[in-house]
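Thanks for coming. I have one structure to go through today, and I will keep to what can be read off the coordinates.

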Amino acid sequence: PGELLERIDGDISGLSRFFSQLLIQMIASLLLVVGVILLLFWEDWRIGAAAAIYAALVLGFLAALQRRAVGLWRAARASESDLCGLLEERLSGREDVRANGGEPYVLRRLALAQGKRFRTLFPARMIDVYTFSFTHLLLVVATVLGLGIGIFLFQQGQITIGTVYLITYYIALLQDPLNEFRRLMAQWQAAAGSIERIGELFALKPVVTDAHGDQ
C-alpha cells in the first residue's frame, strides 16, 4: 500500500507542479534569452553571435543530458517507492515484528532500502551539479569573448565605452534565465521519469485469472 500511494500521489503531484508552474516559467526564460540575443545583434552581429553560441551550447548540453537524466530520476523515484512501501508495511505490523523479535531484520531491510535510495538519487542530483558547473564555465567564456570584441570595436572607434558596458551587462544578464532554465530542466527530468512510471502503472495487468480466462 505504501508503494502504491507513493506511485500515485508522488508521481502525479510532481507532474501537477510541473504543468501548473514550470512550463510557464520555462517559456518566460526562453523569451528573455531570445530578447537579449536580439538586442545584442542590434548592437553588433559579432556580439550577438557570441551570445547566441553561448545560449545554444548551454541549451544543447542540457538537451544532451535529458535522456540520461530521465533514466536516473526514474530509478530514484522507484527506490523512493520501495522505501515508502517498506516503511508503511513494517510500521503497520510493528506489534508482530516486536513479538517475533524481528527488529534487527527490519532495521537491516530499512538500511538496505535507504542505501539503494541514496545510490539512485545521488547520480540524479549530480547531473544538476554538472550542468551548473558547465553553464557557469560557458558564462565566463562568453563574458571574456564579449568583452574582448567590445574592446576591439571600441579601439576601432565603432562603438562607445557605454556600448562596451552594455554588451558586458547583457551577456551577464543571460545567466539568470539560463540558470532558471537549467533548474526547470532538472525538474522536467524528474517529471519525465514520473510520466514513464505512471505509464508502467497503467500497463500493469492482473496475472490471476479464473477457469474461464476472466481476470
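Predicted model: local features only at pLDDT ≥ 70, side-chain atom pairs only at ≥ 80, totals over all residues.

The protein has 7 helices and 0 strands. If you read along the sequence, the pattern is α-α-α-α-α-α-α. There are 215 residues, and 36% of them count as buried. The exposed surface comes to about 12800 Å², with carbon and sulfur atoms supplying 67% of that area. As for the contacts, take those between residues at least 6 apart in sequence: 82% of them join residues at least 24 apart.

Now to helix α5, which covers residues 103-155.

Is Arg117 buried or exposed? Its relative accessibility is 18%, and because buried means under 20%, Arg117 counts as buried. Leaving out residues up to four places away in sequence, Arg117 touches Ala76, Ser79, Glu80 and Leu83.

The other one is Leu107, also in α5. Leu107 has 56% relative accessibility, so it counts as exposed.

Next, the packing of α5 against helix α2, which is residues 45-64. The axes of α2 and α5 are 9 Å apart, and the packing angle is about 170°. An angle over 145 degrees counts as roughly antiparallel, so that is how α2 and α5 run relative to each other. On the α2 side, the residues making the contact include Ile47, Tyr54, Leu57, Val58, Phe61 and Leu62. On the α5 side, they include Tyr130, Phe134, Leu138, Leu145, Gly146, Ile149, Gly150 and Leu153. Arg46 of α2 is also among the contact residues, as are Thr131 and Thr135 of α5.

On to the aromatic rings. A pair of rings is described by the distance of the centres and the angle of the planes. The structure holds 3 aromatic pairs. One of them is Tyr165 with Tyr169, a stacked pair at 6.2 Å centre to centre, with 20° between the planes. Why are these two tyrosines about one helical turn apart? Tyr165 and Tyr169 are 4 residues apart in helix α6, residues 161-173, which means a separation of about one turn. Tyr165 counts as exposed, at 58% relative accessibility. Tyr169 is partly exposed, with a relative accessible area of 41%. Tyr169 also pairs with Tyr170, and that pair is edge-to-face: 5.4 Å centre to centre, with 80° between the planes. Taken together, the ring pairs link Tyr165, Tyr169 and Tyr170 into a cluster.

Which residue is 8.1 Å from Leu32, C-alpha to C-alpha? That is Leu174, 142 residues away in sequence. Leu32 is in helix α1, residues 2-43, and is partly exposed, with a relative accessible area of 41%.

The second case is Leu184, in helix α7, residues 175-203. Leu184 is buried, and its relative accessible area is 0%. Leu184 and Gln25 are 159 residues apart in sequence, yet their C-alpha atoms are 7.9 Å apart in space.

To recap: the protein has 7 helices and 0 strands, α2 and α5 pack roughly antiparallel, and three tyrosines, Tyr165, Tyr169 and Tyr170, form a ring cluster. That is all I have.

Definitions and conventions:
Residues numbered from 1 in each chain as written. Heavy atoms only, no water. Buried < 20%, exposed > 50% of the residue type's maximum accessible area, 1.4 Å probe, protein only. Contact = heavy atoms within 4.5 Å. Areas by Shrake-Rupley, 256 points an atom, 1.4 Å probe, with all protein chains shown as cover. Phe/Tyr/Trp six-rings, centres within 6.5 Å; stacked < 30°, edge-to-face > 60°. Axes fitted to C-alpha atoms, helices over the stretch in contact; angles between N-to-C directions. Parallel < 35°, antiparallel > 145°, perpendicular 65-115°, else oblique.
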